[in-house]
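Me: I am new to this structure and would like to learn how to read its features one at a time. Could we begin with the idea of a contact?

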Amino acid sequence: DYLGNMWFGTEGGGINKFDGFRIISYFHNPNNMTSILSNKVKVVYSDSKNNLWIGSTGGLNRYNMDLDNFEKFTHKDLKDPLGTVQDIVEDKNNRLWIGTSSGLYIYDLTTNHLQKFINDHEDTNSIPITHAFKLMVDRNNDIWVSIFNDGICIINQENQKATFFRN
């Protein structure tokens, strides 16, 4: 993170923060609303606004550095649970791309707008993403999405076109 801490997500052991001297472990506690959502952490991501995001099998948390706890990500436009958050990247427009077991989301850090990509089988320009596994932003600001058991989708943000390569 921007303070120099190193964060390590685990597959069942929560999340660990190394401050250069000691390791501090954080675990899910169902009786504590400010704990991480799950001990199975899939991704830890620090964005350009110094937010630390934790994606897990339980959803998405943002770390509150002042209170040393975790806030569950909620949004008025989020109609269904995120599911397992597999990966997070940020594009050059300060938008987080959030790959989940329920699809692909974009969260604008500046406007607080959240958008989910909807797969419309009738629309050939629709982005065919039902389970976004891994994400990457290339030098052209195109988003590469590895789709679980299906292939790769490249989203050109300039013309809003998607190119899909099946397995």
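Reply: Contact means that heavy atoms lie within 4.5 Å, and please keep in mind that this is a predicted model. With neighbours within four places in sequence left aside, S56 is in contact with L37, S38, K40, V41, K42, G83, T84 and V85.

Me: Where does S56 lie, and is S56 buried or exposed?

Reply: S56 belongs to strand β5, which covers residues 52-56. Buried means under 20% relative accessible area, and S56 counts as buried because its relative accessibility is 1%. Its side chain also reaches the backbone nitrogen of G58, at 3.1 Å.

Me: How should I read a salt bridge, and which residue meets E11 in one?

Reply: The general idea is a side-chain nitrogen of Lys or Arg within 4 Å of a carboxyl oxygen of Asp or Glu, and by this rule the count comes to 5 salt bridges. In one of them the side chains of E11 and K42 meet, at 3.3 Å from N to O. E11 is in the loop between β1 and β2 while K42 is in strand β4, so the pair ties together parts that are 31 residues apart in sequence. E11 counts as exposed, at 54% relative accessibility, whereas K42 is partly exposed, at 31%.

Me: Are D91 and R95, which also form a salt bridge, buried or exposed?

Reply: Both D91 and R95 are buried, and their closest N and O atoms are 3.1 Å apart. R95 is also among the residues in contact with Y107, and Y107 is one of those with the most contacts inside the largest nonpolar core, which has 14 residues.

Definitions and conventions. Residues are numbered from 1 along each chain as its sequence is written. This is a predicted model: local features need pLDDT of at least 70, side-chain atom pairs count only at pLDDT 80 or more; totals for chains, interfaces and linings use all residues. Side-chain values use heavy atoms; hydrogens and water are left out. A nonpolar core is a set of buried Ala, Val, Leu, Ile, Met, Phe, Trp, Tyr and Cys residues joined through side-chain atoms within 4.5 Å. Buried means under 20% relative accessible area, exposed over 50%, partly exposed in between (1.4 Å probe, protein chains only). Helices (H or I, at least four residues) and strands (E, at least two) are DSSP runs, numbered from the N terminus. A polar contact is a pair of N or O atoms within 3.5 Å; within protein, one must be able to donate a hydrogen and the other to accept it, and residues adjacent in sequence count only if both atoms are side-chain atoms.
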